[in-house]
Amino acid sequence: MKRREVWTTYRKLMSNLVPAMVFVPIFAAGLMLYQRGQIILALVCIAGSPIAGLFAVNYLGLFQNRQMRKELAPLMQGRDGQALFVGFAKPGTMSPLDPHDDLGWLYVGREAVEFIGEKGAYRMDWADVRRVRFRPNAHSIVGLGRWVSLEGIKDGKDLRLMVEPRVHSSLLANKKEAAALLKRLKLSMPQ
């Protein structure tokens, strides 16, 4: 029996549309008020719509995140250690709907860092890691997120594992979680 897909196009789309349902009506109201000659109120709406949009993206942009975390919990069965729920992207991939190609669990072990996701798994041995740093993603444009990127070389080929925490219900809280993850990874790297 095939397991039901969790990180669906619908959920990716709704992560964008739900915040837009806050921003767009305020902006549209501003345009309508401007056409009716109510300039000051129109400017308040138009100027306030990006602020409302930022709040909406921060708090509503992780559509059904808690539910997806529960649905993907079986991926952790039989695994030891503490896992962090994250979004993942393969280097060079770009989606118009969401920066995350996959959702799943990040394990930081003594020998390697592993991502176990709905669509696949990715492992990077510590011996191959050369650097851990932040990289920008679509959430960075509005100051609400970033990738934590493990970068290295194996057999002469560049490796990169990019994740963004999805532990909390807001993007800004997850951005702070990314700072803690970066610190943890740097401390875990062999010297």
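Partly exposed means a relative accessible area between the buried limit of under 20% and the exposed limit of over 50%. Val24 comes in at 45%, so this residue counts as partly exposed. Keep in mind that this is a predicted model.

Val24 sits in helix H1, which spans residues 9-35. Together with Phe23, Phe27 and Leu31, Val24 makes up a nonpolar patch on the surface, and the four share about 310 Å² of accessible area.

Side chains of opposite charge can pair when their charged atoms come close. Searching the whole structure turns up 11 salt bridges.

Take Lys154: its side chain meets that of Asp125 in a salt bridge, at 3.8 Å from N to O. This pair links distant parts of the chain, with Lys154 in strand E6 (residues 147-154) and Asp125 in strand E4 (residues 121-125), 29 residues apart. Lys154 is partly exposed at 38% relative accessible area, and Asp125 is partly exposed too, at 22%.

Lys154 also forms a salt bridge with Asp128, where the closest N and O atoms are 3.9 Å apart. Asp128 lies in the loop between E4 and strand E5 (129-135), so its pairing with Lys154 in strand E6 ties together parts 26 residues apart in sequence. With 13% relative accessibility, Asp128 counts as buried.

Glu151 is buried, at 10% relative accessible area, whereas Arg160 is partly exposed at 24%.

Notes:
Residues numbered from 1 in each chain as written. Predicted model: local features only at pLDDT ≥ 70, side-chain atom pairs only at ≥ 80, totals over all residues. Heavy atoms only, no water. Patch = residues over 30% accessible without salt bridge, like charges linked within 9 Å, V, L, I, M, F, W, Y side chains within 5 Å. Areas by Shrake-Rupley, 256 points an atom, 1.4 Å probe, with all protein chains shown as cover. Helix = DSSP H or I, 4+ residues; strand = E, 2+ residues; numbered from the N terminus. Buried < 20%, exposed > 50% of the residue type's maximum accessible area, 1.4 Å probe, protein only.
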